[in-house]
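Here are some notes to read alongside the model. Keep the 3D view open and look up each residue as you go.

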Amino acid sequence: MAPRSMTRRVWLSEGLRLCGAAGTAAIASASLWAGAMAIGAGGCASRAILVRPGPNRRVTVRVEEHPELAALGGSLKLRTEDAGKLIYLVRAPDGGFVAINPTCTHAGCTVRPQARTFDCPCHGSSYDLRGNVLRGPAMLPLTTYPTEELSPGLVEIALP
Ligand code: FES
């Protein structure tokens, strides 16, 4: 049997399957921009949305398709299809967007988004929504990636 190619439909199905486990069946987005694809599932706050970076390592997200980003302080969990890297796209309190690598800089645990912070479950470090340290033992901020609002509601993340 010939291998099934990874079509857009397959990606959407995967998104539905991931969200189905959380009891949500709404696919909110399939954004395509400059070769980068972000496939979303609105309402799946605890599930990562698979994203496929383009050749230039950029991913775009249409904010209107993700209710998590409607409020200041909201965050959208993304996972890259190629390397499995987790990223949180955060609507910062000033209205801008921040892309955060949730790997704690103390000892590498994965921090979790709270209402106004990212908190580490391992030793208690806390970071603000821009990744700055609020409480140690971590000494260094979380890694962030450049973001740009290409047009109103269309955010591009530049991955390393
Ligand atoms: S790994 Fe996060 S506080 Fe230690």
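1. Helices (H or I, at least four residues) and strands (E, at least two) are DSSP runs, numbered from the N terminus. Please remember that this is a predicted model, where local features need pLDDT of at least 70, side-chain atom pairs count only at pLDDT 80 or more, and totals for chains, interfaces and linings use all residues. Residues are numbered from 1 along each chain as its sequence is written.

2. Now the overview. The protein has 14 strands and one helix. Of its 160 residues, 30% are buried; a residue is buried if 20 or more other C-beta atoms, placed from the backbone, lie within 10 Å of its own, exposed if 12 or fewer, and partly exposed in between.

3. Take a look at the sheet with the strand order β4-β14-β13, which is open and antiparallel. Its edges are β4 and β13 (147–151), each with a single partner strand, so one side of each has no neighbour in the sheet. Four bridges link β13 to β14, and in this pair threonine 147 stands opposite isoleucine 157 of β14.

4. Setting aside neighbours within four places in sequence, isoleucine 157 is in contact with Arg58, Val59, Ile87, Leu89, Ala99, Tyr145 and Thr147; contact here means C-beta atoms, placed from the backbone, within 7 Å.

5. Which residues touch the most other members of the largest nonpolar core? They are Leu76, Ile87, Leu89, Ile100 and Ile157, out of 26 residues in this core. The elements giving two or more residues to the core include β5 (75–80), β7 (97–100) and β14 (154–158), while β6 gives the most, with four residues. A nonpolar core is a set of buried Ala, Val, Leu, Ile, Met, Phe, Trp, Tyr and Cys residues joined through C-beta atoms within 7 Å.

6. Next, find alanine 48 in the loop between β2 (36–40) and β3. Why does alanine 48 count as partly exposed? Because alanine 48 has 17 C-beta neighbours inside 10 Å. Beyond its neighbours within four places in sequence, alanine 48 is in contact with Lys77, Leu78, Arg79 and Leu86.

7. Finally, a four-stranded sheet, also open and antiparallel, runs in the order β8-β9-β10-β11. Within this sheet, two bridges join β9 (residues 118–119) to β10 (residues 126–127), and aspartate 119 stands opposite serine 126.

How values were computed
Two residues are in contact if their C-beta atoms, placed from the backbone, lie within 7 Å. Two strands pair if DSSP finds at least two bridges between them.
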